[in-house]
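Visitor: I'm new to this one, so please pick a single part and give me a close look at it.

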Amino acid sequence: MEEELKCPVCGSLFREPIILPCSHNVCLPCARTIAVQTPDGEQHLPQPLLLSRGSGLQAGAAAAASLEHDAAAGPACSGAGGSAAGGIGGGAGGGGDHADKLSLYSETDSGYGSYTPSLKSPNGVRVLPMVPAPPGSSAAAARGAACSSLSSSSSSITCPQCHRSASLDHRGLRGFQRNRLLEAIVQRYQQGRGAVPGTSAAAAVAICQLCDRTPPEPAATLCEQCDVLYCSACQLKCHPSRGPFAKHRLVQPPPPAPAEAASGPTGAAQGAPSGGGGCKSPGGAGAGATGGSTARKFPTCPEHEMENYSMYCVSCRTPVCYLCLEEGRHAKHEVKPLGAMWKQHKAQLSQALNGVSDKAKEAKEFLVQLKNILQQIQENGLDYEACLVAQCDALVDALTRQKAKLLTKVTKEREHKLKMVWDQINHCTLKLRQSTGLMEYCLEVIKENDPSGFLQISDALIKRVQVSQEQWVKGALEPKVSAEFDLTLDSEPLLQAIHQLDFIQMKCRVPPVPLLQLEKCCTRNNSVTLAWRMPPFTHSPVDGYILELDDGAGGQFREVYVGKETLCTIDGLHFNSTYNARVKAFNSSGVGPYSKTVVLQTSDVAWFTFDPNSGHRDIILSNDNQTATCSSYDDRVVLGTAAFSKGVHYWELHVDRYDNHPDPAFGVARASVVKDMMLGKDDKAWAMYVDNNRSWFMHCNSHTNRTEGGVCKGATVGVLLDLNKHTLTFFINGQQQGPTAFSHVDGVFMPALSLNRNVQVTLHTGLEVPTNLGRPKLSGN
């Protein structure tokens, strides 16, 4: 969690952190050093300020030192320039400079600028050089000159993490809100590491933990990996420039907390400034307010310092007071109760943390798995070496030189596997440490009882937690190598083949048994979908798969798919049937064993619609392809999406419109039926065409079995297809129009319809075969 508590500019624990508009945090003293003037305002700086780009580091150091001195000495200038706590950029002027400030803003007045500073500090952020004191003038006069120069131009601050710039208003850095939650967590973290408030500043100085001198030397560096403080001499002994410790990261030891240094007697003797004599922080409290012995001040509105936060502005995502709602810029914004939003954001952060916690748990288990693989690799490698040595020693002297080569291959294989696993362990450990640190920090944030402070940072934390969860992508917690060595030694060759002795790579074995993914296997109507995959740690190559299906009645299996895909859909099966499916893999060495058999049940009844791809271009479909009409006066054909080859099926068509006594036709057809004439005029369709008085059965342009009874608007036409008895029967309003022999026994048939622009029908499917249909009313031909 310590990485979350360090300032991105100085690299130390946060001191008086403020929240930038981009939701990142920075120390208030560091913010003073990175506040800069805009390019338009920079041309009005005194000539000494326009330094060369090569002097950026020295100028940054001078600016930081001068600003820290100003903060301790009290206000250096007043008026439009703001207080010293406002930093160098605290004096945004009015009038014509207002347009310069607005030009920094990006889309929709987000508060972020696009200006990238040129002078860079060691941490990559812009540092504004201080105005040098003229000869014969005091330091205060020089600071006054700087403030006067800055007060007539716009200023901005660039985030050291996302490099987005924000303009400062007349309040300077005091316009940014103080991150009280982060400040409290830093203080609690320091106390947990042994920095007890109330000790003297001299006692709080870090000392070397390995010195044998009395007293020990002050610490000069801190090793982040060893977590040990070293003086210069001990650091050279324990962390030389070469060797395994050369890659350890050495940083400056963390300084004592400001409150701790100022609260002791030594701090008082050195004249440390009090909270009243120094500059006021953005949160309205002095620097001493963060001390462990001083109670935290209740937060107040930065624009109305006498008012407490009472509501939360949803539009601006910030806590506000009642004066902000009555007379401020939040008057017309959507607001909600502070406590309710506090609880809501806490719940969102907790929910996001659950996902990261689960991934962290999986990562820990994954690390255990990787360490087990390491041990197995070591053991298997030793076993292979022993076996190899035994075989080679049993051979004649001619095998001696070849034995050394084979041992080298085994060693290289083991080293390769070890390197792969170690790289994966290091990568996973780093990601786990980052996620764990973020989790600990978020849990500390949740413990805080400051609603407004929490809501200041909750949105950014929630996004960070969600991004942290997304980094554990699928496959990240799977080993890249296995512990097995696919090597074997063939000791059977004749003596003349000894010099060609080599390992046989067991990559030419037949593939193992594929694993059916039952959660992805499904049925829909009379089609089935199957999915499978190879087991993990499979080293045998796979050239393709063979999917086999039985006939739906327990008969023999037949091949229905051969290819490299691992997902296959088979259409045109029987309804209300049970199919058995299995799959096997093959490569150049042969065909592997079958997988387990999966049982799939097709639908009892057919659910289908009109097929827009098979219909004539004049057919117009609507109502999710369940209603059909035509734009032509000629008869046009459209088919259904279902295909029948076995069983009994029934569907109905409701006549929505019937004008000028047309002759629509209803029935079944092959997929190759002619689409631009009445259904039944070719040998690919079997249909009943009907007018308002009677109906006929039609096939091959021959109509028979005339029956009295026609259709009108609101009529219902039923179609009963019985492929077991080879009959096709029609019903109008429940009355049978005469049984019709179905001349073709085998094949696949689809529901079909022909109509013109005077008719509109709607299809109804998924119906059980009715048992109460009326008797037919037959008449002559």
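Which ring has Lys346 over its face, and at what distance from the ring centre?

Guide: That ring is Phe454, and Lys346 lies over its face at 5.9 Å from the ring centre (Lys NZ or Arg CZ must be within 6 Å of the centre and within 35 degrees of the ring normal). Keep in mind that this is a predicted model, where local features need pLDDT of at least 70, side-chain atom pairs count only at pLDDT 80 or more, and totals for chains, interfaces and linings use all residues. Residues are numbered from 1 along each chain as its sequence is written, and side-chain values use heavy atoms, without hydrogens or water.

Phe557 has a charge over its face too: Arg582 lies there, at 4.0 Å from the ring centre.

Now for rings meeting rings. Ten aromatic pairs turn up, going by Phe, Tyr and Trp (six-membered ring) centres within 6.5 Å, with planes under 30 degrees apart called stacked, over 60 edge-to-face and the rest tilted. Take Phe575 and Phe644: their ring centres are 5.4 Å apart and their planes sit at 45 degrees, so this pair is tilted. It joins distant parts of the chain, 69 residues apart, with Phe575 in the loop between β19 and β20 and Phe644 in the loop between β25 and β26. Both Phe575 and Phe644 are buried (under 20% relative accessible area, with a 1.4 Å probe and protein chains only). Ring pairs also tie Phe575 and Phe644 into a cluster with Phe608 and Trp651.

Tyr689 and Trp696, by contrast, are a stacked pair, 5.0 Å centre to centre with 15 degrees between the planes. Tyr689 and Trp696 are buried as well.

Conventions. Helices (H or I, at least four residues) and strands (E, at least two) are DSSP runs, numbered from the N terminus. Buried means under 20% relative accessible area, exposed over 50%, partly exposed in between (1.4 Å probe, protein chains only).
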